[in-house]
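Good morning, everyone. Please take a look at the model I have on screen. I'll walk you through its helices, its sheets and a few local details.

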Amino acid sequence: MTPSRPLPFSRGARSPRDADDSTEPGHAGPRQRLRGLLGRPVEVAERIEHASALDDAAAGLTRVVHKALRRGGTANVLHGVPLGQPAHPPLVRVPIGCWASATLLDLLPGTAKASGALIAAGIAGTVPAAAAGLADWSALHREQQRVGLVHAASGATATALFSASLLARAAGRHRSGKLLSLGGLTVAGAGGYLGGHLAFRLGAGASHAEPVAHLAPLGWHDLCRVRDLPDGKPVRKTLGYLSLLVLRQGTEVRALADHCAHLGGPLHQGRISTEGDEVCVVCPWHGSTFLMTDGTVVHGPATARQPAFDTQISPSGMVQVKPRG
Ligand code: FES
């Protein structure tokens, strides 16, 4: 009896796809090799987080940015202190919006001029967006900086592709111009994904002190005896799950959440300074400066107010605190 041949893709048969997805050691197909190389987007982003090869470039660029950007007005504006949130995300919507619109217009007849104008506006919009992004990036942790560096490189590549597209269009090579725009938008989209990873997975830009509002018990609570607080020196005290930075100056006691709104640095290890007549605390990690009275941001990179607590001293000498509403 002649043995029957397995039908294509029946049990026991190996389809071309099976062959391509082979898991036998040393027999990975091209598709599997490509998948291994690229992985899911989140796996690619996680690999970038651990890419220590980027550290030298990151350290060099950080030095350049710190040298160019002194603490004060310009730095505060770039971080977004007056807005109360990072300035980079709204600024970056300008180039992305212009470029996406231009690429869409390319699909319609008679829109060459409008597409060109949008591409040019998008390229101009990259300047403030990149400046704000660099300012924020220079005050991030190592893993965040690695992802941020690739995010920035994607933005630079997208800008170069859109610039080339504009030149091609000006030279009458409209087909090439449209293809370059499409490439630029694809690269910008990949960079945008990394920006999302940076913000939502690695917590860059979000306030790290916001949970205080949900963790602090309502009403007045005993914290410590006033005689246990050194004069003029910040200390850390705990209230349930929360760490508080407490500062006594004479008979006045002030309290803020201890984890810095920027990236969670320990404010009680910071420096006490004054801005005008106001007493401030300077974070030991990246220098964010907050008013001790109500947590207002005086200097970034933090943009969110540091949660503050009302304080009172009971007749028996107990410091009591209450989250400020
Ligand atoms: S953690 Fe960055 S300034 Fe405080």
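First, a word on names: strands, labelled E, are DSSP runs of at least two residues, numbered from the N terminus. With that, take Pro301. Where does Pro301 lie? It lies in the loop between E8 and strand E9, residues 308-313. For context, most peptide bonds are trans. And keep in mind throughout that this is a predicted model.

Now the sheet that contains E8. It is open and has four strands, in the order E5-E6-E7-E8. The pairing is antiparallel. Which strands stand at the edges? Strand E5, 271-275, and strand E8, 297-299. Each has a single partner strand, so one side of each is left without a neighbour in the sheet. From one strand to the next, the twist averages 35°. Look at E5 and strand E6, residues 278-282: five bridges join them, and they run antiparallel. Thr274 faces Val279 of E6 there, standing opposite it.

On to the sheet that contains E9. This one is open too, with six strands. Read the order as E1-E10-E9-E4-E3-E2. Again, the pairing is antiparallel. At the edges are strand E1, 221-225, and strand E2, 235-239, each pairing on one side only. Ignoring direction, neighbouring strands are turned by 35° against each other on average. E2 pairs with strand E3, residues 242-249, over five bridges in the antiparallel sense. In E3, Leu245 has Arg236 opposite.

Next, the helices. Two packed helices are described by the angle between their axes and the distance between the axes. Our pair is helix H6, residues 88-105, and helix H7, residues 112-137. How do they pack? At an angle of about 160°, with axes 7 Å apart. Angles over 145 degrees count as roughly antiparallel, so H6 is roughly antiparallel to H7. The crossing of H6 past H7 is left-handed. What is in the contact of H6 with H7, by class? It has 15 nonpolar, seven polar and one charged residues.

Last stop: helix H8, residues 142-170. It has 29 residues. From first C-alpha to last, H8 reaches 42 Å, close to the 42 Å expected at 1.5 Å a residue. After H8 comes Gly172, with a positive phi near 85°. Most residues other than glycine have a negative phi.

That's the tour. Thank you.

Notes: Residues numbered from 1 in each chain as written. Predicted model: local features only at pLDDT ≥ 70, side-chain atom pairs only at ≥ 80, totals over all residues. Axes fitted to C-alpha atoms, helices over the stretch in contact; angles between N-to-C directions. Parallel < 35°, antiparallel > 145°, perpendicular 65-115°, else oblique. Left-handed = near helix turned anticlockwise from the far one by under 90°. Nonpolar A, V, L, I, M, F, W, Y, C, P; charged D, E, K, R; others polar. Pairing = 2+ DSSP bridges. Expected span 1.5 Å × (residues − 1).
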